[in-house]
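Please look over the sequence and the structure shown here before reading on.

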Amino acid sequence: MILDAQGIEMSYGALKVLHGVSLQVSESETFAIIGPNGAGKSTLFKVLTGERMTSAGTVRYRGEDLTKLPAFRRARIGFGRTFQVARIFGEVDLMTNVVISIEARLRYSGQSPGAWWRWTPAADVRLEAEEILERFGFPRSRWSDDAQYLSHGDRKRLEFCIALATRPDILMLDEPMAGMSPSDRKEMTKLLMRLKAETGITIVMTEHDMDIIFEMADRLMVLSYGEVIAIGDPEKVRDDPTVRKVYLGQGYQHA
Amino acid sequence: MNRIASIALLLLFAAFLFAPYLVNPGLVFIAGFAMIEIVFALSWNLLFSYAGLVSFGHAAFFGIGAYVAAATLRYGYDIHFILVLLICAVLGAVGAFLVALIVLRRASGIQFSVLTLALSQLVVVLIGYSDYFGHDEGISAIPRPVMNFGLFTVDLNRPLANYYFVLFVCLVAVGLMWLLVKGHLGRAMQAVRIDSERAEFIGIDAWRIRVFAFTISGAFAAVAGALLAPWGQIVTPEYVNWLHSAQPIFATLLGGAGFFWGPVVGIVGLSALNYFTRTFTGLSEVLVGASLIAVVLVAPQGILGTLRQLAKRRKGPVKGGHA
Ligand SMILES: Nc1ncnc2c1ncn2[C@@H]1O[C@H](COP(=O)(O)OP(=O)(O)OP(=O)(O)O)[C@@H](O)[C@H]1O
Ligand SMILES: [Mg+2]
């Protein structure tokens, strides 16, 4: 069990958003969370990654209790994440975005990103950044562009690069394909599947596009008003009558 | 950094390098002050443009260096002046570290800025009570040290040696700061400034990076202060006061925020303004104010930012383009 969350509760002021959510994710699994807008998916992500602390419940990672651990510590032990609205380092170029992430990994894993007075990234850091950028479809000609001028889909892709550069064991993706063109989605799905096959990385994701869910997810959880209403095999969950009523009934036919 | 800006900076460097052979001693004296203020302003900008912290009380760290160096020289402690500089750096770092430890736990935004201001004004008040530091009059008639380096001695009573010593220490300080911000720690600082939450999700402890940046910045501000003692030969609470804390802010805005070299251009501009208006009391303040308003209204990216924009416009729109 790589991730084990039990009885997670979370409120924004008086508004209670999560009512005792529990989930377990095994190693190398792709675990999807769906639910209508405002169900609490992003909030659950915040709690799991340490952006917010739960008011009740526990979060365990490979048996280790990290309920009270701040985000940066979770990142150091193997969490990577992307945001629903992509967050990148806008004022520096694409290369630097990825370099920052690789250097952070080296700095906090007992390796060294190079001497403090080296004014360019170490050669191996640069090489690794180049590989990642190339792999995610950024040609060499764009590496020195300012990241803030990227299109929405490109921001999402760059955020992937940043998240993957820390070599996480578990990748938390909050609507990774939202706002991407259909062809970009296909491309991205393929990239993720290949990444999984190569590294065995665990993925926890939310997504509104059911085609992607059914293509990628090993297990599926449905959240509604902060409660788990179904969890399990995607096909079974799809056929669950309650789920059809609250979510798939309206959403899936349109998709 | 575009070509015009690089050439301008090189010319400035050449001007400082040859100043004693080009201009009269009065101007050389001003050039020395300007170099010291450049180090001070760069130490502030390291914090602002890289770690994203705005200190309103940076003159306190400058003051630590200035007063410790002044007291050591004035009261005749026999300590090698290079060692004095290093001690000042350590004291500035320790002072800044303690402030960061107290203040940054809770706030890094405007509350942080205001608290730094409050603490620095507290230092001004404390100096006012201190016999040792000369109350409001400060420490004057500071003797210039003679440094023995074994193979040679450097006597700061000789004008040329005095000037080139300040130049040398400033170059070392600027070089060290440049290396730091261009290295991986500088990039981590930038990550924290741009989006501290994103930075935390790749494992960067934003708080520690900020404390680190503040500590280093305090050290360099103190070194600048320590240089002032033998150069100006008088140290007063004015150097610790909020008006002096504002100097690097003005310089950075004028020169261009977000650039390492912005404050250099800014300080040279401010020094020139002061120099050309020296005979009219009050005029320099008015002009400094007016030029700041002009910069904010007409060229909010400062001189370097405007130069970069002009260069870009000539080359056409930025590659990539907006979505
Ligand atoms: N920072 C916040 N402060 C107050 N309320 C919030 C905050 N963020 C979210 N909420 C509320 O919490 C509830 C759950 O929001 P959340 O973003 O977790 O939903 P979601 O399932 O991710 O929705 P979507 O599919 O639209 O992304 C919503 O009612 C939302 O309005
Ligand atoms: Mg959401």
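## A residue in a loop

In this predicted model, A:Thr166 sits in the loop of chain A that runs between helix H5 (152–165) and strand S7 (170–174). Because its relative accessible area is 11%, and buried means under 20%, A:Thr166 counts as buried.

The side chain of A:Thr166 comes to 2.9 Å from the backbone oxygen of A:Ala163. When residues up to four places away in sequence are left out, A:Thr166 touches A:Ser101 and A:Arg105, and also B:Ile202 of the other lettered chain named here.

## The surroundings of ligand 1

Ligand 1 is surrounded by 15 residues, and the closest of them are A:Asn37, A:Gly38, A:Lys41, A:Ser42 and A:Thr43. Sorted by class, this shell has five nonpolar, seven polar and three charged residues. Strand S2 (15–25) and helix H1 (41–49) of chain A each supply at least two residues of the shell, and H1(A) gives the most, with three residues.

Particular atoms can also be picked out around the ligand. A backbone N or O atom of A:Gly38 lies 2.8 Å from an oxygen atom of ligand 1, while an N or O atom in the side chain of A:Gln84 is 2.9 Å from an oxygen atom of the ligand. A polar side-chain atom of A:Tyr12, in turn, lies 3.5 Å from a nitrogen atom of ligand 1. On its own, ligand 1 has 640 Å² of accessible area, and the protein covers 64% of this.

## Helix H3 of chain B

H3(B) has 16 residues, which at 1.5 Å a residue should span 22 Å, and the 21 Å between its end C-alpha atoms agrees with that expectation. Since 13 of these 16 residues are buried, H3(B) is largely enclosed by the rest of the structure. After the helix comes B:Gly76, whose phi is positive, near 70°.

## Helix H4 of chain B

Helix H4 of chain B, made up of residues 81–103, has 23 residues and reaches 32 Å from its first C-alpha to its last, which is close to the 33 Å expected at 1.5 Å a residue. Among its buried residues are B:Phe81, B:Val84, B:Leu85 and B:Cys88, as well as B:Gly92, B:Gly95, B:Val99 and B:Val103.

What lies over these buried residues? The cover includes helix H3 (59–74), helix H5 (110–129), strand S1 (146–148), helix H6 (159–182) and helix H9 (206–232), which belong to chain B.

Methods:
Residues are numbered from 1 along each chain as its sequence is written. Chains are lettered from A and ligands numbered from 1 in the order in which they are written. This is a predicted model: local features need pLDDT of at least 70, side-chain atom pairs count only at pLDDT 80 or more; totals for chains, interfaces and linings use all residues. Side-chain values use heavy atoms; hydrogens and water are left out. Helices (H or I, at least four residues) and strands (E, at least two) are DSSP runs, numbered from the N terminus. The expected span of a helix is 1.5 Å times one less than its number of residues. Buried means under 20% relative accessible area, exposed over 50%, partly exposed in between (1.4 Å probe, protein chains only). Contact means heavy atoms within 4.5 Å. A residue is near a molecule or strand if one of its heavy atoms lies within 4 Å of it. A polar contact is a pair of N or O atoms within 3.5 Å; within protein, one must be able to donate a hydrogen and the other to accept it, and residues adjacent in sequence count only if both atoms are side-chain atoms. Accessible areas come from the Shrake-Rupley method with a 1.4 Å probe; for residues, only the protein chains shown count as cover. Ala, Val, Leu, Ile, Met, Phe, Trp, Tyr, Cys and Pro count as nonpolar, Asp, Glu, Lys and Arg as charged, and the others, Gly among them, as polar.
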